[in-house]
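This report looks at how the inside of one protein chain is packed. The sequence and structure come first, and the description follows.

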Amino acid sequence: FASAGHEVWAIDRWREHVEAMKKNGLRLEGKSGDRTVKVHATTDAKDAGACDLVVLATKAMHVAPAAESVRALLGKDTPVLSIQNGLGGPETAAGILGRERVMVGVVGGFGASMKAPGHAHHNGMELVRLGEFGGPITPRLKKVEETWSGAGFRVKVFDDIDQLVWEKLICNCAYSGPCGIMEVTIAQVMNDPDLARVSAACATEGFAVAKAKGVKLGFTDPVAYVRDFGSKIPNARPSVLLDLMAGRKSEIDVINGSIPRVGKQVGVAAPVNETITALVKAKETKLGCI
């Protein structure tokens with residue numbers, strides 16, 4: 001966005017990250033190249049004032065306080081684009097800010113991580129999916145789509161937010177838990193026969209739950225779909241693994257853990273995802289994650 005000429009404010013409570021961006025700019029390295037851009041950075045949303053678009057990109061467990069903090073950024077018609085892994089993030093944001101404010105974003109195939117304060121890295125540059133929280137596609141959603149595509153992203157808009165959320169969720173559950181438990185990359189899961197079977201089972205259960213829930217999906221073979229997704233970012237380490245490595249609690253409850261939870265509502269068992277979730281949570285306890 002900054003390279004495309006937009007005024008960008010990065011708002012984060014990670015003070016070292018903010019100070020690094022203030023001093024040196026934000027370095028972005030990976031599939032899109034390696035460049036450093038100047039952005040405004042602060043730990044206090046009030047510094048930015050009213051914005052044309054707010055992107056709420058946090059872990060699921062941090063959506064509520066982040067949503068409260070962005071009130072200072074809202075003009076009369078400012079939309080809030082809620083981008084989280086798993087299920088529930090946009091619903092939490094809408095409960096605080098109002099359904100009419102909230103859009104849903106699902107970002108897949110980037111494999112992003114922070115290498116250091118002020119230094120981000122991404123393995124891929126695949127797809128940004130966007131939808132209105134209440135559907136369908138609106139003129140303001142198309143305007144947001146144009147902003148993202150003008151900044152170099154490949155973007156697709158949806159009438160049905162369940163489709164865009166579940167298509168990403170099925171990929172996440174295929175790799176997040178297995179990579180986290182075994183401390184390996186996506187490629188290592190795909191190339192190990194035993195881990196590949198576990199990954200395929202996670203995706204197949206997610207697909208079955210989605211279909212029972214009535215979600216329209218753009219594919220019929222979940223295993224082929226998640227392997228195609230994984231092949232584009234083979235060296236990525238999912239956020240669950242990155243959290244465990246950093247001693248943080250992960251989002252496993254809203255990723256793999258969401259499959260058995262929704263499965264119970266629609267009468268579909270998901271024992272592999274349930275087991276994977278339990279193993280990750282046991283690992284968090286053993287590592288003392290907070």
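## The largest nonpolar core

The model is predicted. Its largest nonpolar core has 38 residues, and the members that touch the most others are Trp 166, Ile 170, Tyr 175, Ile 186, Leu 217, Val 226 and Ile 259. At least two residues of this core come from each of α5 (161-182), α6 (186-191), α7 (193-213), α8 (222-232), α9 (239-245), α10 (258-266) and α11 (271-287). Helix α5 gives the most, with 8 residues.

Leu 217 shows what such a position looks like. Leaving aside neighbours within four places in sequence, Leu 217 is in contact with Gln 163, Trp 166, Glu 167, Ile 170, Phe 207, Ala 210 and Lys 211.

## Another core

## The buried side of helix α3

Helix α3 spans residues 89-97, and its buried residues are Gly 89, Pro 90, Ala 93, Ala 94 and Leu 97. These five cover an arc of only 130° around the axis, so they lie on the same side of α3. The spacing follows a general rule: an α-helix has 3.6 residues a turn, so residues three or four places apart point the same way.

What do the buried residues of α3 pack against? Their partners are β5 (54-56), α2 (63-69), β6 (80-83) and β7 (102-108). Just after α3, Gly 98 takes a positive phi of about 100°.

## Aromatic pairs

Across the whole structure there are 6 aromatic pairs. In one of them, the ring centres of Phe 110 and Phe 153 are 6.1 Å apart and the planes are at 45°, which makes the pair tilted. This pair links distant parts of the chain, as the two residues are 43 residues apart. Phe 110 is in the loop between β7 and β8 (112-116), while Phe 153 is in the loop between α4 (139-150) and β11 (155-158).

Phe 153 also pairs with Trp 148: their ring centres are 4.9 Å apart and their planes are at 65°, so this pair is edge-to-face. Is Trp 148 buried or exposed? Trp 148 has a relative accessibility of 6% and therefore counts as buried. Phe 110 is buried as well, with a relative accessible area of 11%. Together with Phe 1, the residues Phe 110, Trp 148 and Phe 153 form one aromatic cluster.

Notes: Residues numbered from 1 in each chain as written. Predicted model: local features only at pLDDT ≥ 70, side-chain atom pairs only at ≥ 80, totals over all residues. Heavy atoms only, no water. Buried < 20%, exposed > 50% of the residue type's maximum accessible area, 1.4 Å probe, protein only. Helix = DSSP H or I, 4+ residues; strand = E, 2+ residues; numbered from the N terminus. Arc of directions from axis to C-beta. Contact = heavy atoms within 4.5 Å. Core = buried A, V, L, I, M, F, W, Y, C linked by side-chain atoms within 4.5 Å. Phe/Tyr/Trp six-rings, centres within 6.5 Å; stacked < 30°, edge-to-face > 60°.
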